[in-house]
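Please look through the structure shown here together with its sequence, and then follow the paragraphs below, which go from confidence to sheets and on to the interface.

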2 protein chains.
Amino acid sequence: MRTIKAAVAESTAVAQFTEQPVSVGARHQSLQAAVTRSLRDAIVTGRLQPGERLRESQLAQMFQVSRNPVREALLALQAEGLVATSPRKGARVRLISEEEVAELIELRIELERLNARKTAQHGDDKLRQALTSLVDEGNEAARGSNREHLRELNDRFHSLVEAAAHNRYLSDYVRSLREKTLWLFASARDDRAIETWNEHAAIAQAIIHGDAELAALLSARHVKDTGDWVQAQLSEAERKRAGSHGSTPPRREQRVHRRTAP
Amino acid sequence: MRTIKAAVAESTAVAQFTEQPVSVGARHQSLQAAVTRSLRDAIVTGRLQPGERLRESQLAQMFQVSRNPVREALLALQAEGLVATSPRKGARVRLISEEEVAELIELRIELERLNARKTAQHGDDKLRQALTSLVDEGNEAARGSNREHLRELNDRFHSLVEAAAHNRYLSDYVRSLREKTLWLFASARDDRAIETWNEHAAIAQAIIHGDAELAALLSARHVKDTGDWVQAQLSEAERKRAGSHGSTPPRREQRVHRRTAP
DNA sequence: ATGTGAAATATTGTATACCAAATGGCAGTC
DNA sequence: GACTGCCATTTGGTATACAATATTTCACAT
């Protein structure tokens with residue numbers, strides 16, 4: 001594995017020739033930021049399992065940095081809700097209960113509804129044009145069942161729509177919730193790429209036509225369907241885990257310290 | 001000023017006698033947390049002005065701790081959106097534009113609307129009872145024009161309603177946005193305590209009666225009115241600042257480094 | 001075998017010292 | 001006044017140390 005430091009150095013060097021003239025300090029990506037990104041990626045893609053312990057010195061060694069950037073990265077991820085820490089016990093990848101997943105999706109439905117409505121209302125020609133070409137490209141990819149490409153287009157659709165609501169708080173929250181939904185899929189998120197695309201295309205059409213209420217309705221329904229699917233997957237995984245006794249490794253190395261209990 | 005360390009030690013000692021039997025490590029409040037709280041308080045109450053620079057070593061000396069906890073506190077506050085940092089330039093108290101205030105309030109309207117609706121739908125007897133006694137106490141305080149007490153009751157009202165929606169993401173976001181709105185008031189937030197109380201009491205009544213739509217409507221309107229008032233205050237402050245040339249100290253010591261500009 | 005408790009070990013939270021890179025001013029020069 | 005070179009400050013990061021806790025081990029009793 002290439003070290004974080006090498007990656008930072010390289011990105012800095014590349015930036016030197018591609019970016020606008022900004023101060024060189026601003027170009028430099030801090031190790032903390034690099035570690036944060038690396039860890040976040042490992043968590044949302046499932047390489048780090050929920051409940052897994054995150055030891056500072058172990059991570060420091062893994063990334064070839066000192067403990068400070070790691071501590072700071074863990075703090076940042078805690079603020080994002082991806083890791084949970086308890087005092088003197090350290091950090092773990094956050095464990096989300098099914099109940100919490102339901103709450104997450106419930107709110108995401110409402111925020112995507114708002115976001116779609118606002119986007120359709122505020123939409124300008126530039127957005128409509130971008131969406132139109134995105135839809136064309138996506139339909140093409142859908143005909144070819146090009147899932148990889150579709151996944152990328154799905155992401156681009158979300159980025160476009162999020163930014164177009166012209167409300168940075170709403171955008172931030174929607175993105176944050178969406179990321180957490182993706183996290184729940186972990187690896188298996190290509191499966192629904194085509195269905196997802198079709199729903200996205202319908203929403204895009206509604207936005208292009210300025211039909212705010214339809215865009216809102218379709219968005220909410222889209223998230224609801226996605227959410228139902230995610231919850232079904234989770235339940236199934238849970239059932240499987242419960243079914244095969246013994247062979248399953250413990251998902252979280254949770255051991256209650258006897259002395260602390262009353 | 002009492003040191004942070006003394007405060008931490010005391011809170012730990014007090015907790016020893018008031019809390020449930022948990023491990024002693026969990027009782028210990030980290031210096032990082034203490035510094036974070038202290039800084040957050042200084043920012044939202046306006047003791048630290050927007051745009052003000054936050055030097056690590058200066059803060060470390062002020063709180064009598066090393067730079068590490070301070071760095072981590074600044075990072076945490078950055079995640080909360082209270083401070084802004086640029087690489088190699090350090091942290092400043094975040095400066096919120098009027099445009100951003102409008103976006104903040106716009107989203108807060110929608111989330112408070114959602115929250116009130118959900119709370120009215122999910123409300124159980126315990127909540128109704130708590131709200132009823134809160135309303136009685138508040139009306140009493142309002143008759144006596146006890147602003148100090150009313151402010152506390154207003155805060156309690158929000159806490160009650162936020163928690164009752166049974167959606168931790170919604171609760172978190174609503175609380176976060178509300179805190180930022182309070183921040184904009186800074187010191188002068190007792191002024192509207194009585195009007196605020198009356199609006200809260202009406203919302204409480206709607207929740208008690210299970211009238212979700214009325215609760216939602218009143219909540220949205222309440223935030224809208226509060227927001228209009230905040231924005232008016234800000235505009236006025238802006239006008240005043242613009243009017244009195246020379247005498248006003250620079251609100252942000254922002255100096256563009258000539259060499260970085262094209 | 002199984003549980004218990006004390007000792008051994010590991011980890012976190014914090015401090016300190018130190019360094020390189022970058023920024024922010026300032027004095028001198030054109 | 002605008003540029004230039006220089007220097008003090010500040011940040012981001014490393015390394016090391018250490019006390020307070022947590023976790024694991026392991027001998028021992030049941």
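Chain A has an average pLDDT of 85, and 83% of the residues score at least 70, where pLDDT is the predictor's confidence in each residue, on a scale from 0 to 100. This is a predicted model, in which local features need pLDDT of at least 70 and side-chain atom pairs count only at pLDDT 80 or more, while totals for chains, interfaces and linings use all residues. Residues are numbered from 1 along each chain as its sequence is written, chains are lettered from A and ligands numbered from 1 in the order in which they are written, and side-chain values use heavy atoms, with hydrogens and water left out.

Within chain A, confidence is highest in helix α5 (residues 67-80) of chain A, at a mean of 97, and lowest in helix α2 (residues 24-27) of chain A, at 53; helices (H or I, at least four residues) and strands (E, at least two) are DSSP runs, numbered from the N terminus. The pLDDT is below 50 over residues 16-21 of chain A, a stretch that has 4 contacts in the model beyond near neighbours in sequence, a contact meaning heavy atoms within 4.5 Å. It is also below 50 over residues 245-262 of chain A, and this stretch has 11 contacts in the model beyond near neighbours in sequence.

The next feature to find is a sheet. Strands of a sheet pair through backbone hydrogen bonds, either parallel or antiparallel. In chain A, an open sheet of 3 strands has the order β1-β3-β2, with antiparallel pairing, and two strands are taken to pair if DSSP finds at least two bridges between them. The edge strands are β1 (53-54) and β2 (83-86) of chain A, each of which pairs on one side only. Strand β3 (residues 90-93) of chain A is joined to β2(A) by 4 bridges, the two running antiparallel, and A:Gly90 in β3(A) is the bridge partner of A:Ser86. The hairpin of β2(A) and β3(A) has 3 residues between the strands, and in this hairpin A:Arg88 takes a positive phi near 65 degrees.

Chain B likewise holds an open sheet of 3 strands in the order β1-β3-β2, with antiparallel pairing. Because β1 (53-54) and β2 (83-86) of chain B stand at the edges with a single partner strand each, one side of each is left without a neighbour in the sheet. Here 2 bridges join β1(B) to strand β3 (residues 90-93) of chain B, the strands running antiparallel, and B:Arg92 in β3(B) is the bridge partner of B:Arg53.

What do the two chains share where they meet? In all, 37 residues of chain B are in contact with 37 residues of chain A. The area buried between chain B and chain A is about 3200 Å², of which carbon and sulfur atoms give 56%; buried area is the accessible area (1.4 Å probe) that two parts lose on being put together, summed over both. In chain B, the residues that lose the most area to chain A are B:Arg168, B:Tyr169 and B:Tyr173, together 21% of what that side buries.
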